[in-house]
Amino acid sequence: MKYIDEFRDGKLAQSLGAAITREAGSDRRYSFMEFCGGHTHAIARYGVTDLLPPTVRMIHGPGCPVCVLPIGRVDMAIEIARRPGVILATYGDTLRVPASGRLSLLKAKAQGADVRMVYSTQDALRLAEENPDREVVMFAIGFETTTPPTALAIKQAEARGLGNFLVFCNHVLTPSAISHILESPEVRDIGTVPIDGFVGPAHVSTIIGSRPYEFFAEEYQKPVVIAGFEPLDVMQAILMLVRQVNDGRCEVENEFTRAVSREGNVKAQALVAEVFELRREFEWRGLGTVPYSALRLKDRYAAFDAERRYALVDRQVADHKACDCGAILRGVRQPADCRLFGDACTPENPLGSCMVSSEGACAAHYTYGRFRSIRREAGVGSGVR
Amino acid sequence: MCLALPVRVVELRDGDMAIVDLGGVRKEISLALVEDVAAGDYVILHVGYALTRLDPAEAERTLETFASAGLAAPAGA
Amino acid sequence: MKRGFTRALDFRHGHVEMTHGSGGRAMAQLVEELFVACFDNEALRRLDDQAQVDVPPGRLVIATDSHVVSPLFFPGGDIGCLSVHGTINDVAMAGAQPLYLAASFILEEGLPLAELRRIVESMAQAARAAGVPVVTGDTKVVERGNGDGVFITTTGVGVVPQGVNVSGSRACPGDAVLVSGTMGDHGVAIMSLRENLSFGTTIESDTAALHGLVAAMLAAVPSVHCLRDPTRGGLATTLNELARQSGVGIVIGESRIPVRGEVNSACEFLGLDPLYVANEGKLVAICAAGEADALLAAMRDHPLGRDAAIIGEVIEDEHAFVQMDTAFGGRRVVDWLTGDQLPRIC
């Protein structure tokens with residue numbers, strides 16, 4: 001597959017790993033946060049950690065819209081799905097997220113709710129067209145990458161007069177989340193969790209461009225390197241971050257030049273600006289309430305807003321008291337540090353945001369990396385972290 | 001987050017739609033979020049929509065950067 | 001023998017009705033004009049409630065499988081031949097020669113008889129080609145809305161000759177791990193038809209009866225330790241099962257696993273891992289290291305094993321992990337599947 005296979009080449013991986021090791025040296029430690037869950041997944045799936053020196057540590061950020069979706073919002077989705085006459089269209093990712101009362105969308109479906117998995121908002125629109133006597137509600141989640149498709153669907157619904165198409169909007173914004181992480185007391189407290197730099201999200205950046213990150217680099221004095229989706233991209237970005245730290249630079253660099261420009265996709269941005277506006281605040285599971293971090297439909301499009309149509313009330317649902325996600329998301333703790341990890345909390349029975357989807361730090365570690373922890377405990381192993 | 005992949009545009013269709021190909025598998029997707037895409041171009045595909053066109057020259061340049069990483073030692077390292 | 005039915009079944013326009021399962025004349029007609037006619041063997045023609053058959057000497061092996069696949073028809077096969085192959089394979093994975101099948105049908109009221117006949121004919125053809133007749137069966141009908149058209153349960157019996165001892169618990173450190181061909185074909189072929197996930201592809205299900213391949217393998221290496229077909233949950237699940245059963249670890253090499261390019265692409269599209277995608281005409285074999293080459297040669301000699309490959313080895317590991325050396329150069333665990341693999345957007 002062109003533009004994919006070349007970016008997974010093992011030989012190049014070895015030489016990039018050697019370069020990182022050489023330039024990181026042994027004098028200091030580096031901690032970088034990869035914000036995007038896709039990067040977490042790539043690092044885990046391809047075993048990138050094995051190719052990094054022990055002085056370079058990756059902290060897994062909250063960049064997974066499913067992980068940070070509060071339980072209360074999933075409860076609302078289930079409530080919508082159970083309304084008579086409603087078809088709830090949803091991406092596959094949310095189907096198994098556990099909600100209140102031991103329910104999930106999948107379980108609600110088993111109990112009779114009409115929940116349909118879709119690949120695209122186009123499919124949801126088609127459902128609305130083919131079922132004029134039903135209300136089709138799109139359970140819209142995702143960061144800036146997934147928001148333009150929702151905006152487009154709403155505009156198309158308006159143009160086609162599809163009064164039975166609605167959106168349950170849970171779109172969230174990346175820069176706000178990064179700020180929030182940097183603001184948290186643990187991080188500002190130097191020595192606890194230094195984050196030396198960020199690996200910026202790949203596909204969010206194709207939409208928003210590299211410009212929004214310039215603020216962090218300046219305000220917080222942290223380098224940001226936007227990385228493509230493939231493991232070689234991630235390694236190259238880590239190398240660029242190491243160099244920035246060594247040089248004392250705090251810039252926004254773009255490794256993903258083949259798809260990301262400074263301005264981003266202006267057409268998509270305009271579309272989103274036309275349909276959505278900022279919520280004053282929004283709860284992020286594991287992070288708490290984050291100001292100006294999420295979107296809702298503008299009044300002009302109120303007819304398509306499921307929350308308004310059904311007069312839904314947001315409710316806060318707390319996580320397990322022993323859940324360490326808040327600390328893990330900020331890099332203060334590691335998955336293995338959490339009392340519940342691997343025991344009460346597993347991918348089969350996730351108790352917190354980090355375990356809920358395969359992108360989460362705990363899920364990735366459990367699925368791909370926990371054999372390392374076990375080996376360390378047992379005193380066995382090749383010295384791999 | 002945001003699973004997206006580079007696919008090749010094979011054929012343009014009405015209504016901003018197109019057929020794309022990835023390693024022999026084809027799918028119909030929307031080009032409504034991009035402009036001036038022609039058959040033969042590569043686009044980044046996410047949830048049924050092209051997000052942006054992929055720049056082949058930049059892709060080559062990036063690959064070359066990977067290859068030279070192992071060789072060059074930067075100044076002041 | 002006088003036929004008791006005034007009118008032949010209407011296979012063109014007819015549908016399954018509740019009476020077809022009630023045990024009366026309608027059901028008898030369905031059995032005679034469809035099942036017996038298609039499967040067409042001496043045991044069935046007797047119209048007994050059971051089959052009396054001859055069994056050669058050896059240990060008896062029995063396996064059963066229910067088939068609930070949707071859609072009923074897919075590129076490369078259908079629920080009919082799938083149900084025949086699946087149970088033949090379960091029996092064959094014990095190193096046994098499959099002998100007879102029983103087939104029971106749960107039909108949904110309203111299923112077009114034309115579709116039912118297509119399915120039964122496909123089963124008959126598969127059974128004939130495999131040399132394993134369907135000698136007895138059962139039919140029930142459920143009300144509309146309670147089934148996906150048709151559910152089929154097949155039960156198979158076979159015998160294991162003396163000296164063959166294949167079991168999931170026999171893997172030993174040092175053993176070689178082999179697969180008989182490309183992984184992920186069946187699951188991708190099915191997904192290509194599912195609502196909202198359709199895409200054009202030439203991938204066909206690999207559904208096939210593997211007992212001929214198994215016989216050839218055992219002829220070359222009678223002391224094969226383990227055999228299993230990686231169906232639901234794919235190769236990863238099967239390897240985890242074997243590792244746990246035998247109390248060992250397994251290490252495989254990603255670049256050694258044969259996967260068709262289009263299967264890789266389809267999995268990329270959906271965010272799936274081919275290691276977890278179902279196969280219906282492939283097997284995993286574990287044998288002593290010294291026999292691996294001979295086993296591989298025997299597999300490649302057989303039409304169903306042309307793409308066979310040695311993909312890894314068994315190691316000592318009290319945690320029974322399955323690990324993989326990625327093509328990228330790192331190592332990762334290949335864990336058990338968590339629920340169904342669902343396509344994802346992030």
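Student: What makes up chain B, in helices and strands?

Tutor: Chain B has one helix and five strands. Helices (H or I, at least four residues) and strands (E, at least two) are DSSP runs, numbered from the N terminus. Along the sequence, the pattern of chain B reads β-β-β-β-β-α. Please keep in mind that this is a predicted model, in which local features need pLDDT of at least 70 and side-chain atom pairs count only at pLDDT 80 or more, while totals for chains, interfaces and linings use all residues. Residues are numbered from 1 along each chain as its sequence is written, and chains are lettered from A and ligands numbered from 1 in the order in which they are written.

Student: What confidence does the predictor give?

Tutor: For the complex, the predictor gives an ipTM of 0.90 and a pTM of 0.87. Chain C has an average pLDDT of 91, and 96% of its residues score at least 70. Here pLDDT is the predictor's confidence in each residue, from 0 to 100. Where pLDDT is low, the predicted coordinates should not be read in detail.

Student: Why is Asp36(B) called exposed?

Tutor: A residue is buried if 20 or more other C-beta atoms lie within 10 Å of its own, exposed if 12 or fewer, and partly exposed in between, with C-beta atoms placed from the backbone. Asp36(B) has 7 C-beta neighbours inside 10 Å, so it counts as exposed. Its place is the loop between strand E3 (25-30) and strand E4 (42-46) of chain B. In chain B, 45% of the 77 residues count as buried.

Student: How do you know that the length of helix H1 of chain A agrees with its number of residues?

Tutor: The expected span of a helix is 1.5 Å times one less than its number of residues. H1(A), residues 10-24, has 15 residues and should therefore span 21 Å; its end C-alpha atoms are 21 Å apart, which agrees. Just after H1(A), Gly25(A) has a positive phi of about 65°.

Student: Which residues of H1(A) are buried?

Tutor: They are Leu12(A), Ala13(A), Leu16(A), Gly17(A), Ala19(A), Ile20(A) and Ala24(A). Down the axis of H1(A), these buried residues fall within an arc of 160°, so they line one face of the helix. The arc is that of the directions from the helix axis to the C-beta atoms. Their cover includes strand E1 (30-36), strand E2 (56-63) and helix H11 (231-247) of chain A, together with helix H1 (56-69) of chain B.

Student: How many residues take part where chain A meets chain B?

Tutor: Chain A gives 43 residues to the contact and chain B gives 34 residues. On the side of chain A that touches chain B, the largest share, six residues, comes from H1(A).

Student: What makes E6(C) a partner of strand E1 of chain C?

Tutor: Two strands pair if DSSP finds at least two bridges between them. Strand E1 (residues 59-67) and strand E6 (residues 150-160) of chain C are joined by nine bridges and run antiparallel. In this pair, Val61(C) is opposite Gly158(C). Strand E4 (residues 97-108) of chain C also pairs with E6(C) in the antiparallel sense, over 10 bridges, and there Ala103(C) is opposite Thr154(C).

Technical notes. Contact = placed C-beta atoms within 7 Å.
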